[in-house]
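This report looks at salt bridges in the structure shown below. It describes a few pairs in turn and then sets them side by side.

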Amino acid sequence: MGQTIRMVVIGFVLGLAVGCESPPAPPVAPANSTVPESPAEPDPAEKGAAYVPEKLNVPQLPNAYRLTEKVISGGLPEGDAAFQELQDLGVKTIISVDGATPDVELAKKYGLQYVHLPHGYDGVPAERVPQLAKAVRDLPGPIYIHCHHGKHRSPAAAAVACVGAGMLPASQALAVLKTAGTNPNYRGLYQSAERARAIDAKLLDVLEVDYPERMKIPPLAEAMVQVEHLHDHLKKLSQNQWQTLPDHPDLSAAHEALLLREQYTELLRTDAVKEQPEGFRVMLQASEKTAEELERVFLSATPEMPLDEVRASELFKMATEQCSSCHKAYRDVPLGEKSK
């Protein structure tokens, strides 16, 4: 029992930050309302319907697709250019399902409302389904739903929300994930889409939902968000032979590796990590050592002794594989399986 509880906690925390998958049960409303399970099969007329979300030409909004006239799914908007694109699209409300803290101030600058309803890669939690459905139905639109990359959590959330609100047939939910490129290994996200059903409009009418601009995230989840960002920075640098990026001159491979190593070191000192299973801590320690060695490779480079790009790339590949292994063991376990 204790081990099961710890697995659920780890999955919740890591899921908000860097992914997690799980097959949630049919939509269940909070205590103040009840959402019944809809028919197991969609209307026969819906079957076979050709549906492909529209890819939008918005360079500053990663992986942006229009699902319906009111709902768009995509990646994290960063900087004025991205929020300008949202404004140009007519977007009025942004819903973040990512663990990172939303840039509420920048959104307000462009007249946009931010709502923070995060979930992990293990699936859309049952209690979140009616909240998302009511949000896309009632909040001012168009609505932009995003996660970090716009490929996994946000397509699943947008599909579940649109189906729940009756804006998209249940038979078309999976097309949203497949078009966006959602990784099939995130079985929980696919299960959420497969199980999505329309929710009775009267029940959504009486459902009380708080739409926070920023939701408090556990410290461990916040740290994992930073790890994800640092990993993304290093990935971009690796694709440029570890040289400074023209569009990100502030990024240095040595500095990003240092910050990554420090994140792991500080995490290992926290009570939250000390309370986790030994296997989780062992994986974290291995990641710390790899980041430390990667940092050492960058720092050892001199004009006389150029950077060993091959070794740096090998270590970064190792770091990526270590993340994947940890995700598979603790993050990407579907919600329904975590309770077993």
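## Salt bridges

Arg296 is partly exposed, at a relative accessible area of 48% (buried means under 20%, exposed over 50%, partly exposed in between, with a 1.4 Å probe and protein chains only). Its partner in a salt bridge is Glu292, with 3.7 Å between the closest N and O atoms; a salt bridge here is a side-chain nitrogen of Lys or Arg within 4 Å of a carboxyl oxygen of Asp or Glu. Arg296 and Glu292 are 4 residues apart in helix 12 (residues 278–300), about one helical turn. Helices (H or I, at least four residues) are DSSP runs numbered from the N terminus.

This is a predicted model, in which local features need pLDDT of at least 70 and side-chain atom pairs count only at pLDDT 80 or more, while totals for chains, interfaces and linings use all residues. Residues are numbered from 1 along each chain as its sequence is written, and side-chain values use heavy atoms, leaving out hydrogens and water.

By the salt-bridge rule, the count is 13. Asp205 and Arg137 form one of these bridges, at 2.7 Å from N to O. Asp205 lies in helix 8 (residues 201–206) and Arg137 in helix 4 (residues 128–138), so the bridge ties together parts 68 residues apart in sequence.

Glu293 and Arg311 also meet in a salt bridge, at 2.4 Å from N to O. Glu293 is in helix 12 and Arg311 in helix 13 (residues 309–331), 18 residues apart, and the pair links distant parts of the chain. Bridges with shared partners join Lys134, Arg137, Asp138 and Asp205 into one network.

| Residue | Relative accessible area |
|---|---|
| Asp205 | 47% |
| Arg137 | 26% |
| Glu292 | 35% |
| Glu293 | 29% |
| Arg311 | 27% |

Technical notes: Helices (H or I, at least four residues) and strands (E, at least two) are DSSP runs, numbered from the N terminus.
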